[in-house]
Amino acid sequence: MKVFKENMRTIVKKCGEEMELINKQYEEYTSPQANQIYAEVLINNKIQERNNKCAAIIQKYTKEINKYLEAERKALEPNMDIISSSDYQTRLSNTLSLLSLSKGKIDISSLEYIAEAGDMNTLNIISNAYSDNFELVNYARENDTNNLMEKVEVLAEYTKQGMDINNNTLTAQMAREILNKED
């Protein structure tokens, strides 16, 4: 998630820089004095030309966002090769026995391999079986791939909203603030 967020910040920064360059190229047509120097038709054509270039940049970075989003989706899918391996199954059996013997009081780090494999079924079963153990339930919730994917999708949407520096709506401004906020 941190890497994904950093990638989104980079996209917003690059997009903003490219759009600033385009805005500077066309600033003589958007200045208050432009109406006194140029014909209105020329001004409108230049503004449209600028908007088209900015839209092309946004489209380019939207494709990049979607590429990162798809990669994140794949990374959050359960790794069935690991889950079905005998090593994993043996380790899981030992962990479940330990959980049963200790009545759910184990070091949470011993569950990391389950989360890394994306075995949400097992994490949810453990969470439900030991629902009185806040630490276990919280760990399962924090590592739930559905929740993580929702956060990633929301962050991608914020990035799409925030990368247009010409958009000064409250939504776009808030999106940029969220992306720039440190974790």
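Trainee: What kind of model is it, and how are residues numbered?
Mentor: This is a predicted model, where local features need pLDDT of at least 70, side-chain atom pairs count only at pLDDT 80 or more, and totals for chains, interfaces and linings use all residues. Residues are numbered from 1 along each chain as its sequence is written, and side-chain values use heavy atoms, with hydrogens and water left out.

Trainee: Let's start with helix 1. Why does its end-to-end distance agree with its residue count?
Mentor: Helix 1 covers residues 2–25, and at 1.5 Å a residue its 24 residues should span 34 Å, which agrees with the 35 Å between its end C-alpha atoms. The expected span is 1.5 Å times one less than the number of residues. Helices here are DSSP runs (H or I, at least four residues), numbered from the N terminus.

Trainee: Which residues of helix 1 are buried?
Mentor: They are Phe4, Lys5, Met8, Arg9, Ile11, Val12, Cys15, Gly16, Met19, Ile22 and Asn23. Buried means under 20% relative accessible area, exposed over 50%, and partly exposed in between, with a 1.4 Å probe and protein chains only.

Trainee: And what covers them?
Mentor: The cover includes helix 2 (27–30), helix 4 (40–75), helix 10 (145–162) and helix 11 (170–180).

Trainee: Take Asn23. What does it touch beyond its sequence neighbours?
Mentor: Leaving aside neighbours within four places in sequence, Asn23 is in contact (heavy atoms within 4.5 Å) with Arg50, Cys54, Ile165 and Asn166. Asn23 counts as buried at 18% relative accessibility.

Trainee: You mentioned Cys54. How many disulfides are there?
Mentor: There are 0 disulfides, taking one as a pair of cysteine sulfur atoms within 2.5 Å.

Trainee: Switching topic: what's the volume of the largest pocket?
Mentor: About 160 Å³. A volume is the space filled by probe spheres set on the grid points, which are joined across faces, edges and corners. On a 1 Å grid over the protein atoms alone, a pocket is an open set of points where a 1.4 Å probe fits, with protein on both sides within 12 Å along at least five of seven lines, and lining residues have an atom within 4 Å of a point.

Trainee: Which element gives the largest share of that lining?
Mentor: Helix 7, with 3 residues. Residues lining the pocket include Glu112, Ala115, Glu116, Tyr139 and Leu148.

Trainee: How far is Met80 from Ala117?
Mentor: Their C-alpha atoms are separated by 7.8 Å, though Met80 and Ala117 are 37 residues apart along the chain. Met80 counts as exposed, at 51% relative accessibility.

Trainee: Last one: where is Lys103?
Mentor: Lys103 is in the loop between helix 6 (86–102) and helix 7. Its phi is near 55 degrees, a positive value in a residue other than glycine. Most residues other than glycine have a negative phi.

Definitions and conventions:
Helix = DSSP H or I, 4+ residues; strand = E, 2+ residues; numbered from the N terminus.
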